[in-house]
Amino acid sequence: MEIKDKIISLLPDAVITEGQYLTATIPSDKLHESVKRLRYDEETWFDYLMSLTGYDDGANLGVVYYLSSSRFPQNVLVVKTFTSEREDAQLFSISDIYETANLNEREVFGLMGIRFINHPDMRKLFLRNEWVGFPLRKDYNADPAINPINIESNPESDVLTKLTFTHEGVVESEEKIFEDDEYVVNIGPQHPATHGVLHFRVSLNGEIVKKIDLNCGYIHRGIEKLAESMTYPQILHMTDRLDYLSAHINRHALCMCIENALQLEVPPRAQYIRTMMDELTRVASHLLGWACMCMDMGALTAFIYGMRDREIILDMFEETCGGRLITNYNVIGGVMADLHPNFLQRVRDFIPYMRKMLKEYHQVFTGNVIARERMLGIGLLSKEEAISYGVTGPSGRASGFRCDVRKVAPYAAYDKVKFNEVVREEGDTYARYVIRLDEIVESLNILEQLIETIPDGEIAAKTKAIIRLPEGDFYSRVEAARGEFGVYISSKGDKTPYRVKFRSPSMTLVGVVDKLTRGEKIADLIAIGGSLDYVVPDIDR
Amino acid sequence: MEVKNIYIKGIKHEEFNDNEYLENMVQELRAGGVDIMTGALDDLINWGRSNSVWPLTFATSCCGIEFMSVGAARHDFARFGFEVTRSSPRQADVIIVAGTIVHKMAPILKRLYDQMAEPKYIIAMGSCAISGGPFCNSYHVVNDINEVVPVDVYIPGCPPRPEALLYGMMQLQRKIKLENFLRKAKEKK
Amino acid sequence: MFDFAVVTQWIDEGLRSSMPEFAALAIEFVLAGVVILTAYAVIALALIYVERKICAFFQCRIGPNRVGKYGIIQSIADMVKMLIKEIIPINHIDKFLFFLAPFIVVLASLLSFGAIPFAKGLHAIDFNVGILYMLAVSSLGVLGILLAGWSSNNKFSMIGAMRSGAQMISYELSIGMSLLTMVVFAGTMQLSTIVEKQADTWFIFSGHIPAFIAFVIYLIAGHAETNRGPFDLPEAESELTAGYHTEYSGIQFGFFYLAEYLNMFIVSAIATTVFLGGWMPFHIPGWEGFNEVMDYIPSILWFFGKIGVVVFLGLWVRWTFPRLRIDQLLRLEWKYLLPLNMINLLIMVLIVLFGWHF
């Protein structure tokens, strides 16, 4: 890319290699200043941290950063750093440059054991505090006797540790999360409105929220570790269950990553079918998001209406793919079976029906004065904050961040259709709510263009019986219903991957809840959570 | 009352799959003989209990969405009387464990179960709750929630179809109809 | 029209003639109490069933239909289950207040239930300050809710109870004022006299504009009182996991559940009595033939029919609108409804003074 020379000039201490993207390996003590230069230089402006992954290559522990820019979205840079200390691995944190690194670095600590210096809140993210060992390390002892099932409840810790870099070296200190006289309420894990099992500790001042402390991991299934012992076709099974409302799209991302690594050409008919299924999934997911948001705010009839229309899409899925929610349709090289003969006619009937129903939705809920009072002006997220927190998808676009992967890095059949990227500037709950309904309109337009032009041909390319990826790092990204979903595979040439990481869109969404809700009321917390529309198994993987 | 008298509207007795299990259960329960008066009162109470099973709003992952679909307009579990989903465990009758239970969630599930009022039931929905499902080799997943709470009905599937969930709930209704409510209460004293 | 006073006189004479006075009175009191309690329970169960069915029809689904034909005895199954559920003994609570709270809530609604004129001659308590009595007694319900939230020793319940307390005390004012508007129009506070004065036309027609405004305000405030509809924040299921009655199980929870539906019934009953004529059929002054036909329908059917319409309105609003936040709720009352009420009262006074009514 054009700015390659500029990057090389900004990173004098780095070792530059070529791969899928330009990769710079920087020693750990120079990381912070190098990344800061990359972030603030006017020609590069890498202000969007796409993905932060911890890795263990046997000898060293390290972190891989994928950086991109909101001004020049085609530029992607990979930055790597490592440390050879395994007992008490420490690296410098970049959470002051990118807010999204906050939760991601806590995850790396919990699963990989690397602590980050100058991070504001260095606690483990997913596992219980008394967990022995770090699961994603290669020398982890998975004996169930070491970590048995404990049915005694463990109270959450009230203190957080910080590592600060002073002139005496690294100093460890502890801080209280909440003061002693604060009124702290637990919302979750079993709660009707948290879209899954998420635990918020909310400090209240009457009705006003002062601070929210997030506690996740209640559905952490260890998918990334499981994937390291599965062959590539077996990992496909896992992706449907991450963010189950965009099941197709997630699986599409993983298939794309593997196909790009293998340089496998997917037949055009399969590309069209994949795109159509993606758009139908997007409509179904937005319908459910709308329905759940209305239910959280008290309009239960709207919930039933959204689910009723979603059932029509699920019927279409069931005829062709066999499953309603977990569809198991994409395979490496194409799709599993051809479209059912009824499929095209059903889509043709569905499009005008859905357009009519959207008018009804706007009448029932959007125009209602109570709903508007609850949504307008609540939970403002500015564009800079959205980029810094990594908020993509409809929530990011509602703040003005043009991040649609279908436009930035088109894949499948998206370059063959015309559609608008729906963007709003206000960044409040109402904008996030309405943008989903507008995106359904755009998806219907895409479907209309696609059903007329599907080419005939094969539905899957031939692959070998045992799939081995060449050595190297591969990353692919798609626009899931919640945001940018990325798949990172690091392969050493075996039939199982060495490291798999799923860049989760919902984790960035939940990371921004604390920022948005401070100063609002508890009822607004529910409305904000509903408008962000995160899915918890996607956060916890 | 013999097993063949359980009446579930719309499905004949022969079409259910677990009739042998219920026969064995009945024989165990009736081992000491049954009193006619308490038998009739038991029937009335069991009728009331089985037709008004209120689930707790509990869902961890994908099966939760299918649970919500069963409550929606197309497959409507309100027809059975189940739609009053309470969010407080003290007022709920059954926990439908929909989704994977991981090590961190197990104490919460146990606590919820302990907070419920007798008589209480558990339905394990989906293969994750029955045996760990696709994640059975993971370091953080509980394989079989029977280690944490006692399960009454298992519903296999990944996720089970809504009709499968309704069938599972009807099985729970049959199991409730057979219980010796008053006799258990007398024996406890 | 059939007058229930015939039946009650007959029972009274029968009892007095066969036993001393105090025994006859004692038996009558017990009989009245039993009838009221039974009516209370039956109406609450019927309302629960009606709500579930109507909610289902709004939501394009069927609702209970397996327990008995059309699911009619679903509520009885619910009641049986509720009766045999275990009442969990909780340790760290204020036991006396915890036990007392559901009884206060039921007591408040029972006391107001007794004062409603159901049909001609079927009126248990007929004070000459009937409306004042109703207002006073329905305020007792707040106490029960606050006690429930406080004694549960649970942060969520506290929040729910505080919200509910603020809400109910605020909306008492609106209810009082809108009923006061109609008292000005009617000239009396006695409920049976109010109903009889509507023999020619119902008050909502004869009092035209201010009566209609008062009716709308009364319905809004009444539903806010009973924590229903868009005002159900204290027990907002999707926010606070059942709010002030989180810790109750078994029949104690059953009391809260019943009292909620019955409060809705009482609000509708008072609205019907004061605005829509109570058990009085629909008469148009001057059309004698029409009035004769209207009189054939028994008064108790008129009463329940009107209540049915008002309850349907309440359910319709409840299942359509989202929930109001607590500050929006209070702002609605103090900044909008209260000034509107005061102006309305003034208009009504002017109308009565100058005789600008039908």
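Axes are lines fitted to C-alpha atoms, for helices over the stretch in contact, and angles run from 0 to 180 degrees between N-to-C directions. Helices are DSSP runs (H or I, at least four residues), numbered from the N terminus.

This is a predicted model, in which local features need pLDDT of at least 70 and side-chain atom pairs count only at pLDDT 80 or more, while totals for chains, interfaces and linings use all residues. Residues are numbered from 1 along each chain as its sequence is written, chains are lettered from A in the order in which they are written, and side-chain values use heavy atoms, with hydrogens and water left out.

**Exercise 1.** Describe how helix 9 of chain A packs against helix 14 of chain A.

*Solution.* Begin with the geometry: helix 9 (residues 343-366) of chain A and helix 14 (residues 429-452) of chain A pack at an angle of about 160°, and their axes are 10 Å apart. Angles over 145 degrees count as roughly antiparallel, and the two helices, helix 9 and helix 14 of chain A, are therefore roughly antiparallel to each other. Next, list residues in contact (heavy atoms within 4.5 Å): those of helix 9 of chain A include Leu344(A), Phe350(A) and Met354(A), and those of helix 14 of chain A include Tyr430(A), Leu437(A) and Ile451(A). Finally, sort the residues of this contact between helix 9 and helix 14 of chain A, which divide into 17 nonpolar, 3 polar and 4 charged. Here Ala, Val, Leu, Ile, Met, Phe, Trp, Tyr, Cys and Pro count as nonpolar, Asp, Glu, Lys and Arg as charged, and the others, Gly among them, as polar.

**Exercise 2.** Describe the contact between domain 1 and domain 2 of chain A.

*Solution.* First, find the parts: chain A is divided into domain 1 (2-157) and domain 2 (223-532), with bounds that come from an automatic or database domain assignment. Their centres, taken over C-alpha atoms, are separated by 26 Å, and the contact takes 34 residues from domain 1 of chain A and 24 residues from domain 2 of chain A. Then turn to buried area, the accessible area (1.4 Å probe) that two parts lose on being put together, summed over both. Between domain 1 and domain 2 of chain A this is about 2500 Å², of which carbon and sulfur atoms give 53%.

**Exercise 3.** Describe the interface of chain C with chain B.

*Solution.* Count the residues: 33 of chain C are in contact with 34 of chain B. Chain C and chain B bury about 2800 Å² between them, with 56% of it on carbon and sulfur atoms.

Terms used:
Angles under 35 degrees count as roughly parallel, over 145 as roughly antiparallel, 65 to 115 as roughly perpendicular and the rest as oblique.
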